[in-house]
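Here's a quick tour for anyone meeting this structure for the first time. Have a look at it, then read on.

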Amino acid sequence: MLTSAASPRRHWGHPVPPGHRAMLSRGPALLLCLLLLLLPEVAGEDRAESWWDRAGAPTVKKVGKGLKDRVNAVTALSKKYWAYFARQVWPQDCDEEKEAASKPLGWTLPLLGQRYLGILSNWYCHFKECCDRDDCRIINNITGLEIDLSTRLHGQHLVREVVLKSVKGFLSVPQPEKPLALSFHGWSGTGKNFVARMLADHLYRDGLESECVQVFISMLHFPHLKYVDIYKEKLMEQVSDTVRRCGQALFVFDEAEKLPPSLLETLKPLLDHYDTIKEVDYRRAIFLFLSNLGGNTINEVVLSWLRAGRSREEITMEDLEPYLQADILKSTDSNFGHSGLVKENLMDFFVPFLPLEYHHVKLCARDAFLGRDLEYTEEALDKVAKMMVYVPKEEKLFSAQGCKSISQRINLFLP
Ligand SMILES: *[C@@H]1O[C@H](CO)[C@@H](O)[C@H](O)[C@H]1NC(C)=O
């Protein structure tokens, strides 16, 4: 399979003199693209679904899907792939299109749908620097990220600082030594997913829907230990295909504490300082690992800080990170801390998400009203905030669910 994947590229891999291009018609290339879109294998991809909408559709179930399902999926996806090609192909014309169109079957059959995309985009990128410079899929709006982190993320001064600095620094280097790996820690509802989504939104034109972004949720994508070998293969394939198509790719691993040990080891080389692994260069990719590991430790530090009468905003990374890291390393109910990823220092930062207090929950409620263009009163915000459970029992300082489901909760206060 790999041999046949390589041959068309070798065959076409030489640039065409600019003068030739204009004379040739676009027709054959369009035909070729349409043909590719209709191939059944393309239906195996599920990246068009968004992160939250994926519930109940584990990837493994796709094996053995009926023809009808495939056709439906192709119809739904083809628009997206078409748009992708149109961006890359338009208005490029060249000699090789004719050749490609005249013998599509010779090389198409043994390949997986996703590989076509890789091959074709590599091919077009020989003529047009579409994958590295001025890539229209990548926006890297650091200003937007900064604004969002400071106005819509509440109570997380450390996250704001660490995420912004590390991402900004990473993106400013043309050739980083290793991929950026950030490990987000904290209780649920403190904003880990929210920040991951912000990154997707501000770095990629299509946000989480971007073909450069992949989200993996442990319990959804890797639920059964007995299939771990299949998961491993599929994960490697998806990650390498995504990076091949899109050098600055973003991978989000939600519920990272539940990742099986062998998957963690599979990921390890990708996050290390290698120039290439099987001809793929991962060093411009960004990996996020989201987990609740260390959440209790973070909360204890914040609690002792508040009990001592100090403000939470005075807490620095130096105050928190050593405790957090020690806690992650010694955690016994998860493999994450014992994985090579953590032990061999491949994580660039452990980012602590602090527990949220009553006034943060009110801010989340305010955002939820504003986000839906609704009027709100101070009283309504208080009512929403009072619906949450606060811990510990004595002081009732921290919302046990953070700002989780606030947007659903405000429904109760609508007329
Ligand atoms: C970056 O994001 C900000 C805030 O969302 C927006 O106002 C601005 O237009 C964006 N800039 C670019 C270049 O897209």
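Contact here means heavy atoms within 4.5 Å. Keep in mind that this is a predicted model.

## A serine in helix 12

Let's start with Ser240, which sits in helix 12 (residues 228–245). Leaving out residues up to four places away in sequence, Ser240 touches Val280 and Tyr282. Its side chain also reaches the backbone oxygen of Glu237, at 3.3 Å.

Is Ser240 buried or exposed? Its relative accessible area is 10%, so Ser240 counts as buried, the cut-off being under 20%.

## Salt bridges across the chain

How many salt bridges turn up in a search of the whole structure? There are 19. One of them joins the side chains of Lys268 and Glu344, with N to O at 3.1 Å. Lys268 is in the loop between helix 13 (261–267) and strand 4 (286–291), while Glu344 is in the loop between helix 16 (340–343) and strand 5 (349–352), so this pair ties together parts 76 residues apart in sequence. Lys268 is buried at 18% relative accessibility, whereas Glu344 is partly exposed at 44%.

## Helices 17 and 18

Next up, Glu378 and Lys362 pair their side chains in a salt bridge of 2.8 Å, N to O. Glu378 belongs to helix 18 (residues 378–386) and Lys362 to helix 17 (residues 358–371), so the pair ties together parts 16 residues apart in sequence. Lys362 counts as buried, at 15% relative accessibility.

Arg366 and Asp367 also form a side-chain salt bridge (3.1 Å, N to O). Arg366 is partly exposed at 25%, and Asp367 is partly exposed at 21%.

Finally, a network of salt bridges links Asp275, Asp281 and Arg283.

How values were computed
Residues are numbered from 1 along each chain as its sequence is written. This is a predicted model: local features need pLDDT of at least 70, side-chain atom pairs count only at pLDDT 80 or more; totals for chains, interfaces and linings use all residues. Side-chain values use heavy atoms; hydrogens and water are left out. Helices (H or I, at least four residues) and strands (E, at least two) are DSSP runs, numbered from the N terminus. Buried means under 20% relative accessible area, exposed over 50%, partly exposed in between (1.4 Å probe, protein chains only). A polar contact is a pair of N or O atoms within 3.5 Å; within protein, one must be able to donate a hydrogen and the other to accept it, and residues adjacent in sequence count only if both atoms are side-chain atoms. A salt bridge is a side-chain nitrogen of Lys or Arg within 4 Å of a carboxyl oxygen of Asp or Glu.
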